[in-house]
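User: Please take a close look at one part of this model, an aromatic residue and its surroundings, and then relate that part to the side-chain contacts elsewhere in the chain.
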Amino acid sequence: MLSEVAKRGVYPLHASRLGIFRIPTELTDRSEIATVMNGLKAPGFKTDSYADRIYVTYTWDETETDPVSQEQLSAQLNVMIEIVTGEVIDVIYQIKPIELFGDLYWVKNYRKKADTNAKMVIDTILWNTKIGDKLLAHYQKSQKLSADDAIKRLDELTPLKQKPISRSSTAPPAAPPAAATQPSLSAAEKPQAEPALAVATTSGNTTFSLTGTGTNYSKVEGPIDKDFKSKRQVTGKFQGINVWGPIDPPGQLGVWGTEVCVDFDICVADGACIEACPVNVYEWLETPGHPASEKKPFMIREKDCIFCMACENVCPPQCVKIFQKGQ
Ligand code: SF4
Ligand code: SF4
């Protein structure tokens, strides 16, 4: 009988395919797929995509001294993980026969190392990328776990993850209370966005709700006002990130960030900045009800910015401004 996976064109019993993990969340949005690929740059994996698949390759070096000739032997090996996107996500890894890399009779425990490295990549995918956000939201919704418990569960599931991003539970429960009765700038409110946002990876505080009741709908033309810091004031924080007002959510969101700054009222959410960033500073943030776009590049890892200016340079409406420290 064909398995669910086989129906999707994947053959789990094929000799070189060893592991298949099905993740019960969907991944179809192209910008989200780009975000996943972006999230794998920092741990140093090579990524590629074709059709509905993302390919993640991890490479490692083997060295040995030949016991007879004393010659230094070296080789570069790799293992590839395939993420099949769609209504569910399948993560598959394959271990190639070692002969494909050459006559490496001297490499010890190749299969075991390849297997561990593949699992390390998968753990990193699950923890560091948007897939992890989705999995956390899934845990919260389907298993009624708190944000804390969902993160704990994911942490336990991914013991081999590399360069883990920080995840904390400043988030609200998966099903937030209705926003209609909330004033738009009330103090100490927790964010009330979609579950994927609720589990965003962050620490810090939040002083307003994105799903406020504001009626001031404001789409602004670019570019960002580069002198905004002398004209605006920080009127709120979102998960620790400064927000420069005026703001009146959901229609007017102001300028976000201190060093990596984006005018959310200009941003049209094409995702160029997210794709360009080499250190994964941004994540998508749902902003339902905003007239320019209903998601924005949230600079949640602003502190990781290396000031390469790539995001500022690629933004079509020029709504990004990078300030070097102290500027
Ligand atoms: S300046 Fe470079 S490192 Fe900083 S957020 Fe933009 S793209 Fe990322
Ligand atoms: S490149 Fe500019 S318009 Fe596009 S998502 Fe980023 S900030 Fe928004």
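Does F208 count as buried or exposed, and at what relative accessibility?

Analyst: F208 counts as buried, at 0% relative accessibility; buried means under 20% relative accessible area, exposed over 50% and partly exposed in between, with a 1.4 Å probe and the protein chains only. The model is predicted, so local features need pLDDT of at least 70 and side-chain atom pairs pLDDT 80 or more, while totals for chains, interfaces and linings use all residues. Residues are numbered from 1 along each chain as its sequence is written, chains are lettered from A and ligands numbered from 1 in the order in which they are written, and side-chain values use heavy atoms, without hydrogens and water.

The structure holds 11 aromatic pairs (rings of Phe, Tyr and Trp, the latter by its six-membered ring, with centres within 6.5 Å; planes under 30 degrees apart are stacked, over 60 edge-to-face, the rest tilted). One of them joins F208 to W256 in an edge-to-face arrangement, with 5.8 Å between the centres and 80° between the planes. The two partners are 48 residues apart: F208 belongs to the loop between helix 6 and helix 7 (228-231), and W256 to strand 8 (residues 255-256) (helices are DSSP runs of H or I of at least four residues, strands runs of E of at least two, both numbered from the N terminus). W256 is likewise buried, at 0% relative accessibility. Its ring also pairs with that of F264; the centres lie 4.4 Å apart and the planes meet at 20°, so this pair is stacked. F264 is itself buried, with a relative accessible area of 0%. F208, W256 and F264 belong to one aromatic cluster that also includes F238 and F298.

Charged contacts link other parts of the chain. The whole structure has 13 salt bridges (a side-chain nitrogen of Lys or Arg within 4 Å of a carboxyl oxygen of Asp or Glu). In one of them, K134 meets E32, with the closest N and O atoms 3.0 Å apart. Because K134 lies in helix 4 (residues 130-142) and E32 in helix 2, this bridge ties together parts that are 102 residues apart in sequence. Both K134 and E32 are buried, and together with E26 they form a network of salt bridges.

D133 is buried at a relative accessible area of 2%, and R167 is buried at 11%.

Another salt bridge brings E62 and K113 together, at 3.0 Å from N to O. E62 is in strand 3 (residues 53-65) and K113 in helix 3 (residues 110-128), 51 residues apart. Here the two partners fall into separate classes: E62 counts as buried because its relative accessibility is 8%, whereas K113, at 28%, counts as partly exposed.
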